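Trainee: Please walk me through one part of this model slowly, and show me how it sits in its surroundings. I'd like the close-up atom by atom.

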Amino acid sequence: MIWLTWRQFRGSAVMTAALLVVLTAVLTLTGPDLASRYATGIASCTQDDSCARFYDRFFDEYQLPFLAVSLVVLLLPALVGLFWGAPLIARELEAGTHLLVWNQSVTRGRWLAVKLGLIGLTAAAATCLCGLVVTWWSGPLDKSAFPELAVMAPLVFGARGIAPMGYAAFAFVLGVTVGMLVRRTLPAMALTLAAFAAIQLAMPLLVRPHLIPPVTSTFEISEANVSGIGIQGDTGSAHVVLGPAVPGHAGAWALSSDLLDPSGRVIAGRGEEGPVKVSTTSGPCAPAAGPPNMGACLAEVSRLGYRQRATYHPLDRFWPFQWIETGIYALLTAGLTGFCFWWIRRRLS
Amino acid sequence: MTSVLEARALGKRYGRRWALRDCTVDVPAGHVVGLVGPNGAGKTTLLKLAGGQLEPTAGDITVLGGRPGATPAQLARVGFVAQDTPVYAGLTVADHLRLGERLNPRWDADVARERVARLGLGPGQRAGRLSGGQRAQLALTLGLAKRPELLILDEPVAALDPLARREFLQGLMEAVAEHEFSVLLSSHLVSDLERICDYLIVLVDSHVRVAGETERLLATHHRLTGPRRDPGRLPADQHVVSASHTDRQSTYVVRTDAPIHDPAWTVSRLSLEDLVLAHMDGPPAESRRAALEVQR
C-alpha cells in the first residue's frame with residue numbers, strides 16, 4: 001500500500017521537494033549575510049540615534065524578497081490542498097479506479113489511512129520546514145518592518161513559525177474531504193480553494209483577536225503613535241491622524257487605535273482625521289512660529305488631554321498565538337480526518 | 001448445493017431512489033453464472049454489494065459465508081472486475097502487476113506474468129495507451145492472479161468489439177478450467193453469456209424471474225403454436241411464461257418438466273435469447289412462481 005501511494009505521489013513529491021530545496025538553499029546562503037548587515041547597521045545607528053531611518057532603509061532594500069518568501073509560505077498550504085488534497089480521491093472516483101484498488105485485499109479504511117498519513121505528513125513536514133526557514137531568514141527584516149508588516153500583522157503572522165504546518169495539514173484534509181464529496185477533480189479544487197481562502201480570512205479577522213483577551217490601554221500622543229498631523233493656519237483648525245503603532249510596545253498588533261478628546265470621548269478611529277482644539281496662532285503648533293516642530297506640537301496636544309486608546313496584542317504573544325492556532329487547525333484536521341474515514345466506509349461507493 | 005452468494009430482501013437506496021429493492025437471490029457454487037436483465041434491473045448494484053463496494057440499505061447479503069468487503073481476508077477471496085474495466089492510466093502494465101502483488105496475499109505472480117506475456121502487453125506500456133480490449137484483459141489479469149474463490153465481473157465486455165469480446169471470454173474460460181473458481185458475470189447481451197455460462201439468472205426490477213442451469217432451462221422451455229386457446233385450458237404442470245394471440249392462433253412459451261403430447265400444438269425449442277426475452281416480458285406474478293419452482 002505504501003508502495004502504491006508512493007508510486008502515485010512521487011511525481012509531484014519530487015517536483016515539490018526540488019523547489020523547496022532550491023528555496024531553502026537560497027535562504028540559507030543569503031540569511032547570514034542579511035543578519036550581519038543588520039547587526040552592523042544597528043551597531044552604527046545606535047551611536048547617532050538614527051535607527052528609525054536605518055530600519056526604513058534596510059527594509060526598503062529587501063522588501064521584494066521579503067514579500068516574495070512570505071507569499072510562498074502563505075500560498076504553500078493552499079497549493080497543498082489544491083493539488084495534493086482535492087484530487088487524491090476525486091481523481092480515483094472520476095476514473096473509476098477506486099473500484100480497482102478497493103477490490104484488492106486491502107480495506108478501504110487502510111487504503112485511506114496510508115494515503116492520508118503519508119501525503120499529509122509530507123505536506124505538514126515540508127510546510128513546517130519552509131515556514132521555519134523563512135522565519136529564521138526574515139528575522140532581521142521582521143524587526144525592521146513597519147507595523148503593517150510586523151510579525152503580528154495578520155498577513156505576516158500566517159507566514160511565520162509553525163502555523164503554516166497546521167494550515168497545510170488542514171488544507172490537505174479539507175481538499176480530500178471536498179474531493180470525496182464532490183467526486184469531480186476540478187470542481188473539488190475550486191471549492192477547496194474557496195473554502196480554504198474563506199477560512200484563512202475568517203481566522204485573523206474573526207477568531208485570532210479573541211484567542212487571548214486583548215490589552216486595552218491609553219497612551220499619550222507622541223510621534224510614536226501619530227501617523228499624520230494637519231494644521232490650517234488661516235482657519236485655525238488642526239487635526240491628528242493616529243497610526244497602528246502602540247508606544248512602548250514595538251511590534252504589537254493593534255486591533256483598534258482611537259483618538260480620545262480631553263473628556264474621554266472617541267473622536268476618531270485609526271487612520272481617521274481627529275479634530276483637536278489646539279491654538280494654531282501661537283504656541284508650538286502655530287505655523288508662524290518658525291519651522292514646524294511635530295514633537296513639540298504633539299506634546300502640546302497631549303498636554304491638552306488628548307489620548308490614544310489602543311486595543312492590542314503585544315509582540316510577546318507571538319508564540320502563544322502560534323501554538324494555539326496550530327492546535328486549532330490540528331483539531332479541525334483531526335475532525336475532518338474522522339469524517340473522511342466514516343464517509344469512505346459508510347457512504348461512498 | 002452450496003452458495004457463493006445469498007441475498008435476502010436486499011435493498012440499496014440512493015437518496016429517495018431504490019437502485020435495488022427486496023432482492024432475494026441464491027447463486028450456487030461451482031458455476032459460471034450469468035446475470036442478465038434489462039438496464040436498470042439492479043445488476044450492477046447487486047454485484048457491487050457482493051463485492052463490498054456498497055453497503056446495503058436493507059436486508060442482508062453473504063458472499064462465501066462472509067460479509068462482503070468487511071475484512072482483508074474476505075476481500076482476498078472475492079475478485080471484482082468493474083464495469084468499463086478501470087485501470088490507472090498513468091501506471092505501466094508492470095506497475096499494475098506490482099500493485100496486485102503488493103496488495104494481495106494470495107497473488108499468483110506466475111499466472112499474471114504468463115498472461116501478460118501471452119497477451120503481448122509490454123511491461124513498460126502505460127495502461128492509458130492500451131486499447132479497450134487490452135485494458136479489459138489487464139483488469140481481468142489482476143482479478144485472476146489474485147486467485148479468488150469467486151470472481152465477479154460487471155459487464156466486462158460491454159464496450160469491446162466482437163473480436164476482443166471473444167478473446168476476453170476465452171481467457172476467462174481457460175482460467176476457470178485451470179483454477180476452478182466460481183464466476184458471476186453480468187451482461188445485458190445473452191449472446192455473450194450463452195457462450196460461457198452454465199447457469200443463468202434473469203433479474204428484472206430487482207427480482208429473479210428465472211434461475212437455473214442453462215441446459216435444464218433450455219430443455220424445459222417450449223414454444224407452443226396452435227389454434228387459439230385460453231391459458232386456463234392448459235395442463236396444470238405447464239407454466240405459462242408468455243403468451244400472444246391472434247384471432248385464430250395462440251403462441252405460448254411454457255415451462256414444464258413433462259413431455260408435451262397434445263397433437264394440436266406445434267412444439268419448438270427456444271434459443272436462450274428467446275427464453276430470456278420471454279421471461280423479461282412475461283407477467284411477474286406467474287414467473288415468480290416459476291422461479292421458485294426452479295430454485296427448489
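Mentor: Let's start with the layout of chain A, which is assigned domain 1 (2-213 + 316-346) and domain 2 (222-305); such bounds come from an automatic or database domain assignment. The centres of domain 1 of chain A and domain 2 of chain A, taken over C-alpha atoms, are 41 Å apart. Eight residues of domain 1 of chain A touch five residues of domain 2 of chain A, where contact means heavy atoms within 4.5 Å.

Some ground rules: this is a predicted model, so local features need pLDDT of at least 70 and side-chain atom pairs pLDDT 80 or more, while totals for chains, interfaces and linings use all residues. Residues count from 1 along each chain as its sequence is written, chains are lettered from A and ligands numbered from 1 in the order written, and side-chain values use heavy atoms, with hydrogens and water left out.

A quick stop in chain A: Asn225(A) sits in the loop between β1 (215-220) and β2 (226-232) of chain A. Helices (H or I, at least four residues) and strands (E, at least two) are DSSP runs, numbered from the N terminus. Asn225(A) is buried, with a relative accessible area of 1%; buried means under 20%, exposed over 50%, partly exposed in between (1.4 Å probe, protein chains only). A polar atom of its side chain lies 3.1 Å from the backbone nitrogen of Ser222(A), and a 2.8 Å polar contact joins the side chains of Asn225(A) and Gln308(A). Polar contact here is a pair of N or O atoms within 3.5 Å; within protein, one must be able to donate a hydrogen and the other to accept it, and residues adjacent in sequence count only if both atoms are side-chain atoms.

Over to chain B, which splits into domain 1 (3-205) and domain 2 (219-295). Their C-alpha centres lie 34 Å apart, and eight residues from domain 1 of chain B meet four residues from domain 2 of chain B.

Now the close-up itself, helix α6 (residues 162-179) of chain B. This helix has 18 residues and reaches 26 Å from its first C-alpha to its last, close to the 26 Å expected at 1.5 Å a residue; the expected span is 1.5 Å times one less than the number of residues. Its buried residues are Ala164(B), Arg165(B), Phe168(B), Leu169(B), Gly171(B), Leu172(B), Ala175(B) and Val176(B). They cover an arc of only 150 degrees around the axis, so they end up on the same side of α6(B); the arc is that of the directions from the helix axis to the C-beta atoms. On the other side of α6(B), Pro162(B), Ala177(B) and Glu178(B) are exposed.

What lies over the buried side? The cover includes β3 (32-36), α4 (109-119), α5 (132-145), β6 (150-154), β7 (182-187) and α7 (190-196) of chain B.

After α6(B) comes Glu180(B), whose phi is positive, near 50 degrees.

Chain B has other positive phi values away from glycine. Asp22(B) has phi near 55 degrees; Asp22(B) belongs to strand β2 (residues 17-28) of chain B and is partly exposed at 42% relative accessibility. Thr85(B), with a phi of about 35 degrees, sits in the loop between β5 (78-81) and α3 (93-103) of chain B. Thr85(B) is buried, with a relative accessible area of 3%.
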